[in-house]
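Visitor: Please bring up the model. I have some questions about its fold.

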Amino acid sequence: MSSTELPYVPSTNVLPKVAPVRVAEGERLRSVQLPGITLTVRSRPPAREGLPPALYVHGLGGSSQNWSALMELLDADVDCEAVDLPGFGDSPPPDDGDYSVTAHARAVIRYLDASDRGPVHLFGNSLGGAVTTRVAAVRPDLVRTLTLVSPALPEIRIQRTAVPTALLAVPGVVSLFTRFTTGWTAEQRVRGVVTLCYGDPGRVSHEGFRNAVEEMERRLLLPYFWDAMARSARGIVNAYTLGGQHGLWRQAERVLAPTLLVYGGRDQLVRFRMAQKAARTFRDSRLLTLPDAGHVAMMEYPETVATAFRELLAEVGSDGAPPGASRASADGAESASTGS
């Protein structure tokens with residue numbers, strides 16, 4: 001640990017009493033205890049029995065709520081669950097303070113193994129895209145299809161608009177930022193996030209904005225909120241620097257599952273030009289580009305993303321076993337990239 005970092009505080013010492021997380025009509029929340037982590041899982045009852053399972057993984061600073069609109073549209077196609085990664089949404093921090101991409105992937109793998117829901121149709125956005133790429137690479141037996149919305153895969157030159165987010169990874173920056181923004185209201189913070197993440201901020205409804213402000217107010221009361229943000233941002237940066245078989249692009253080459261790639265033309269965090277590289281790298285890919293979308297296409301254009309996923313589902317079928325389903329050792333797969 002760098003001498004400029006604050007020591008990690010175990011979650012048992014920092015859990016405060018805050019307002020409950022919002023649950024949309026038709027959704028359910030439950031808490032799942034696993035070795036070293038506790039995950040909150042958001043779900044919708046499927047429209048009928050026997051639908052194939054799906055799992056959604058959010059991005060940096062997000063939560064399972066980011067998938068609510070898409071889950072509602074797909075509840076007649078798949079049995080939907082969305083997870084709050086450790087330290088985000090309603091999930092407490094991990095016991096060991098590890099927010100690396102590998103640790104987040106390990107959390108997803110542990111949940112899928114414990115729930116026995118795999119193989120699933122796996123969705124990931126941003127950080128969640130990097131996490132689910134790693135899951136699909138090291139545990140192909142758990143993944144039927146992979147849908148990536150603006151996945152955070154390494155770029156040689158990041159956009160200037162993405163620099164402030166990347167700077168969260170620098171030791172000491174978070175404490176400076178929190179002092180600088182002490183007077184900012186939750187509404188101001190949400191407006192900044194919406195402007196950064198949406199291609200057209202006007203697509204956010206008044207109700208959606210109000211709900212986001214309430215969620216921001218709740219998160220700002222959590223003493224581990226900025227720590228989770230900083231350490232997860234550092235985890236992305238570290239994953240970007242890994243080479244060899246542990247590099248994210250190398251692992252993308254190993255993904256066997258049919259993959260749907262979704263990129264937004266107005267994305268300020270992931271360069272739109274990365275869409276073509278991703279389409280070339282994932283061996284069984286389909287590419288959906290949305291010129292007016294930003295970083296969270298599943299929130300801006302959920303109907304379009306849902307339609308593209310249904311087309312993928314119709315193409316590959318919902319009941320077939322995933323390719324390359326020979327089960328890897330869980331321990332060996334989970335530790336495939338311990339330095340990220």
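**Strands, helices and packing**

Visitor: In strand 4, which residue is the bridge partner of Pro 53?

Guide: Helices (H or I, at least four residues) and strands (E, at least two) are DSSP runs numbered from the N terminus. In this predicted model, strand 3 (residues 53–57) and strand 4 (residues 79–84) pair in the parallel sense over 5 bridges; pairing takes at least two DSSP bridges between two strands. In strand 4, the bridge partner of Pro 53 is Asp 79.

Visitor: How many helices and strands has the chain?

Guide: Residues are numbered from 1 along each chain as its sequence is written, and side-chain values use heavy atoms, with hydrogens and water left out. The model is predicted: local features need pLDDT of at least 70, side-chain atom pairs count only at pLDDT 80 or more, and totals for chains, interfaces and linings use all residues. The chain has 13 helices and 8 strands.

Visitor: What is the handedness of the crossover from strand 5 through helix 3 to strand 6?

Guide: Strand 5 (residues 120–125) pairs with strand 6 (residues 143–149) in the parallel sense over 6 bridges. One of the bridges joins His 121 to Thr 145 in strand 6. A crossover is right-handed if, with the strands pointing away from the viewer, the path from the first strand over the helix to the second runs clockwise. This β-α-β crossover, from strand 5 through helix 3 to strand 6, is right-handed.

Visitor: In strand 7, which residue is the bridge partner of Thr 147?

Guide: Strand 6 is mostly covered, with 7 of its 7 residues buried; buried means under 20% relative accessible area, exposed over 50%, partly exposed in between (1.4 Å probe, protein chains only). Strand 6 pairs with strand 7 (residues 259–264) in the parallel sense over 4 bridges. For Thr 147, the bridge partner in strand 7 is Leu 260.

Visitor: Is Thr 132 buried or exposed?

Guide: Thr 132 is found in helix 3 (residues 127–138). Beyond neighbours within four places in sequence, Thr 132 is in contact (heavy atoms within 4.5 Å) with Val 57, Leu 122, Phe 123, Gly 124, Leu 146 and Leu 148. Its relative accessible area is 0%, so Thr 132 counts as buried.

Visitor: How do the residues of the contact of helix 2 with helix 3 divide?

Guide: Helix 2 (residues 101–115) packs on helix 3 at an angle of about 65°, with axes 9 Å apart. The contact residues include Val 101, His 104 and Val 108 of helix 2 and Leu 127, Arg 134 and Val 138 of helix 3. Ala, Val, Leu, Ile, Met, Phe, Trp, Tyr, Cys and Pro count as nonpolar, Asp, Glu, Lys and Arg as charged, and the others, Gly among them, as polar. The contact residues divide into 9 nonpolar, 2 polar and 1 charged.

Visitor: At what angle do helix 6 and helix 7 pack?

Guide: Helix 6 (residues 186–197) and helix 7 (residues 206–220) have their axes 9 Å apart. Their contact includes Arg 189 and Val 190 of helix 6 and Phe 209 and Met 216 of helix 7. Its residues divide into 7 nonpolar, no polar and 4 charged. The packing angle is about 115°.

Visitor: How far apart in space are Ala 297 and Gly 264, C-alpha to C-alpha?

Guide: Ala 297 lies in helix 11 (residues 297–300). At 1% relative accessibility, Ala 297 is buried. Its contacts beyond four places in sequence are Val 149, Val 262, Leu 290, Pro 302 and Val 305. Ala 297 and Gly 264 are 33 residues apart in sequence, and their distance in space is 6.7 Å.

Visitor: By what distance are the C-alpha atoms of Arg 234 and Tyr 99 separated?

Guide: Arg 234 lies in helix 8 (residues 225–241). Arg 234 is buried, at a relative accessible area of 17%. Arg 234 and Tyr 99 are 135 residues apart along the chain, and their C-alpha separation is 8.2 Å.

Definitions and conventions. Axes fitted to C-alpha atoms, helices over the stretch in contact; angles between N-to-C directions.
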